[in-house]
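Me: I am new to reading protein structures. Could you walk me through a few features, one at a time?

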Amino acid sequence: MTGLIADEINLNMKGKDFLTLADFSTEEINGLLLKAQQLKQGIYSGEDPTLLKGKILGMIFEKSSTRTRVSFEAGMLQLGGHALYLNSSDLQIGRGESVADTAKVLSSYVDGIMIRTFSHKLIEELAEHATIPVINGLTDLYHPCQALADMLTILEEKGSLKGIKLVYVGDGNNVAHSLLIASAKLGINMTIACPKGYEPQQTVLQLAKEFAQKSGAEIAVNYDVEESVKNAEVIYTDVWTSMGQEAENEKRLMIFKDYQVNEELMALAKQDSIFLHCLPAHRGEEVTAAVIDGPNSSVFNQAANRLHVQKALLSELL
């Protein structure tokens, strides 16, 4: 099968939490990508509409969502399970019930918890007290499910991962953090091109560099965006103002104005380079319409791949 990274990888992930890719080995990440590929192509023996029959995923949202909510819910349904949408404002946790109590109660009702929230410490506390798998649908620190979909997209488009030159342009945020970890684990050479003061967190950057020593990946931060993207095979960006940063919007528009991914910037990359964006996108800000809607854009395949990596995760953890 074209692009498959292995014939078979036996994973033993049942019952594990999925909070950050830093907790998983290169082999485990490759195994999830393999399973996602096979699920997408319909050749995985576990592609069974009753695979998760009777299983229930509780989905807690403190942040709004399109791709995360729909891909997890659709994934559970396609595998025979069920998903419950739980808005945090409707739960008692929104009225002061402790995270620990919430974790213990939900553990007696559902088979797994996916949460999309602000604080990474909250999800760690939830996982500590839950007796069922907890999946990070996004925190302010990491977005590991998105990074899995990104890796699957690059693998499909480029045929391999190791040695690929990936340049992330913009804010060193949660998306950048998970991309750094994934790239370092899988041997991708990744550069963050950002304004001074908007680098990824030093602890995450150092962690990625430690993983890179084993894989042979090159991890760097560069303030010169044009120098960074020369000969890049993948250019990736995200919104300049993330959820919770709305008060900084005007300031950020000024600071990031020279970091827009436009046709001139894409011309410095390899001719067959691809453009990625985790979406939603603000055309005319971090990326121009000509790029995101152009021939080098893979953003909608990237978005579609959220479903397949989510199904791979659910089938393994639950």
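Reply: Gladly! Let's begin with a definition: buried means under 20% relative accessible area, exposed over 50%, and partly exposed in between (1.4 Å probe, protein chains only). This is a predicted model, where local features need pLDDT of at least 70 and side-chain atom pairs count only at pLDDT 80 or more, while totals for chains, interfaces and linings use all residues. Residues are numbered from 1 along each chain as its sequence is written, and side-chain values use heavy atoms, leaving out hydrogens and water.

Me: Is E156 buried, exposed or partly exposed?

Reply: E156 counts as partly exposed because its relative accessibility is 33%. K40, at 30%, also counts as partly exposed.

Me: What is a salt bridge, and how many does the structure hold?

Reply: A salt bridge is a side-chain nitrogen of Lys or Arg within 4 Å of a carboxyl oxygen of Asp or Glu. The structure holds 10 of them. In one, K40 pairs with E156, with the closest N and O atoms 2.9 Å apart. K40 lies in helix α1 (residues 26–41) and E156 in helix α5 (residues 144–158), so the pair ties together parts that are 116 residues apart in sequence. Helices here are DSSP runs (H or I, at least four residues), as are strands (E, at least two), numbered from the N terminus.

Me: Where do R252 and D171 lie?

Reply: These two form a salt bridge as well, R252 to D171, with the closest N and O atoms 3.1 Å apart. R252 is in helix α9, and D171 is in the loop between β5 (165–169) and α6, 81 residues away. Both R252 and D171 are buried.

Me: Which residues of α7 are buried?

Reply: First, a general idea: an α-helix has 3.6 residues a turn, so residues three or four places apart point the same way. In α7 (residues 202–215), the buried ones are V204, L205, A208, A212 and S215. Seen down the helix axis, they fall within an arc of 95 degrees (taken from the directions from the axis to the C-beta atoms), so they line one face of α7. On the other side, Q202, T203, Q213 and K214 are exposed.

Me: Which backbone nitrogen does the side chain of N262 reach?

Reply: Such a polar contact is a pair of N or O atoms within 3.5 Å; within protein, one must be able to donate a hydrogen and the other to accept it, and residues adjacent in sequence count only if both atoms are side-chain atoms. The side chain of N262 reaches the backbone nitrogen of E264 at 3.3 Å. N262 counts as buried because its relative accessibility is 17%.
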